[in-house]
Amino acid sequence: RLVASALASTPATFGVVGRRGAGLAPVATECEIVHHALLADGRYLCEVVGRRRCRILRDWLDEGGYRRAAVEACVDEPVEDRARLEALCVEVAAQVGIWCDKVRSTGWDRSRPRLDEILDHLGPVPPLRDAEAFSLWVAALVNPVPRFGVAPDVLADVLVQTDTLARLCLLRRALALSMEHIATSRPFAPDTAAAHVASAARAVPSALCTVLARATLCLVRLLLVLAAASWRLSTFNPRALLAALGPPARDVLCAAPVIIARALLTALLTVLRLLVFAAASVVAFPLAFLVHFILRLASPTEPRIESGDPLVLEAPLHGVGQ
């Protein structure tokens with residue numbers, strides 16, 4: 001019903017607001033439905049674009065159970081120090097370029113969403129002279145939905161902030177922390193673990209062939225020594241056989257069981273290592289995801305925008321600047 005009500009207006013807009021503690025965040029986002037499809041069960045598939053920020057003055061629940069809010073425009077305050085503002089924009093823009101290169105080169109965008117897709121959805125970079133739009137664009141890049149898990153979550157603070165310089169400083173710090181994290185961590189992805197298992201599995205046949213070749217060589221040498229000794233003795237006598245073989249042959253005969261045992265032990269250890277690694281991969285990765293999920297639930301983090309509540313705006317902010 002909320003989507004149908006929004007589609008009945010032009011433009012088709014509604015509000016999205018995150019949660020802060022037990023209540024709502026003080027700033028919401030006015031979103032416009034740009035594409036939609038009606039499903040057979042009455043639900044909608046919608047593609048929305050955030051248009052502008054709005055500050056919540058008061059909110060309430062209507063008769064239908066939808067939350068409504070009286071809002072006002074939320075725009076940045078004028079900046080007097082234009083030179084510092086321009087320098088910060090240039091610095092953050094350079095950081096963004098380095099950050100994108102590091103994300104691509106270290107494989108952090110292997111799992112969805114990919115960085116190129118995010119950049120395509122965000123559109124072109126706003127001009128640096130529009131510092132407010134540029135800073136909001138950077139925040140959407142480093143905190144995409146769903147998350148990369150590589151940068152601090154600054155969306156809630158970015159939306160509330162009306163000081164452009166403070167927002168750019170926050171983003172500069174977030175990008176620096178993100179690049180430190182990229183430099184000291186590796187992306188955690190199941191496909192990476194599968195590649196390691198496959199690499200280990202490919203190495204097993206080669207190791208087994210080497211072990212079997214060594215064991216076969218020992219057996220052949222032993223058989224050749226026994227065959228040569230049998231020509232010297234008419235009857236089999238272990239003591240006479242050892243005496244007839246001579247010191248070098250006796251050394252080979254005595255060392256053969258040890259070599260064969262060591263070769264078989266090496267093969268067994270190789271197989272055990274593969275099994276242990278595969279078992280650890282099967283158990284550790286789901287366990288790590290579960291622990292990460294529990295820690296995220298238990299940690300007192302800022303509300304995430306993608307889990308925001310729908311909000312019916314009493315006065316859509318048409319005509320307000322981007």
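Is Asp 130 buried, partly exposed or exposed? Asp 130 is partly exposed, with a relative accessible area of 32% (buried means under 20% relative accessible area, exposed over 50%, partly exposed in between, with a 1.4 Å probe and protein chains only). This is a predicted model: local features need pLDDT of at least 70, side-chain atom pairs count only at pLDDT 80 or more, and totals for chains, interfaces and linings use all residues. Residues are numbered from 1 along each chain as its sequence is written, and side-chain values use heavy atoms, with hydrogens and water left out.

**Overall fold**
- The protein chain holds eight helices and seven strands (DSSP runs numbered from the N terminus: helices are H or I with at least four residues, strands are E with at least two).
- Of its 322 residues, 31% count as buried.
- Take the contacts between residues at least 6 apart in sequence: 62% of them join residues at least 24 apart (contact means heavy atoms within 4.5 Å).

**Helices α3 and α4**
- Helix α3 covers residues 115-122 and helix α4 covers residues 131-142.
- Their axes are 10 Å apart and the packing angle is about 150° (axes are lines fitted to C-alpha atoms, for helices over the stretch in contact, and angles run from 0 to 180 degrees between N-to-C directions).
- α3 and α4 are therefore roughly antiparallel to each other (angles under 35 degrees count as roughly parallel, over 145 as roughly antiparallel, 65 to 115 as roughly perpendicular and the rest as oblique).
- The crossing of α3 and α4 is right-handed (the near helix is turned clockwise from the far one by less than a right angle; anticlockwise is left-handed).
- From α3, Leu 115, Ile 118, Leu 119 and Leu 122 meet Trp 137, Ala 140 and Leu 141 of α4.
- This contact has seven nonpolar residues, no polar and no charged ones (Ala, Val, Leu, Ile, Met, Phe, Trp, Tyr, Cys and Pro count as nonpolar, Asp, Glu, Lys and Arg as charged, and the others, Gly among them, as polar).
- Asp 130 sits in the loop between α3 and α4.

**Helices α4 and α6**
- The axes of α4 and helix α6 (residues 164-184) come within 10 Å and cross at roughly 30°.
- α4 and α6 are therefore roughly parallel to each other.
- Their crossing is left-handed.
- On the α4 side, the contact is made by Ala 131, Glu 132, Phe 134, Ser 135, Leu 136, Val 138, Ala 139 and Val 142.
- On the α6 side, Thr 164, Arg 167, Leu 168, Leu 171 and Leu 175 take part.
- The residues of this contact divide into nine nonpolar, two polar and two charged.

**Cysteines**
- The count of disulfides is zero (a disulfide is a pair of cysteine sulfur atoms within 2.5 Å).
- For Cys 54, the nearest cysteine sulfur is that of Cys 74, 8.1 Å away.
- Cys 54 is buried, at 0% relative accessibility.
- Cys 169 is partly exposed, with a relative accessible area of 23%.

**Strand β4 and Thr 29**
- Thr 29 lies in strand β4 (residues 27-38).
- Thr 29 is buried, with a relative accessible area of 17%.
- Beyond neighbours within four places in sequence, Thr 29 is in contact with Phe 14, Gly 15, Val 16, Gly 50, Arg 52, Cys 54 and Leu 159.

**Cis peptide bond**
- Most peptide bonds are trans.
- Thr 10 and Pro 11 are joined by a cis peptide bond, with omega about -5°.
- Pro 11 lies in the loop between α1 (2-7) and β1 (13-17).
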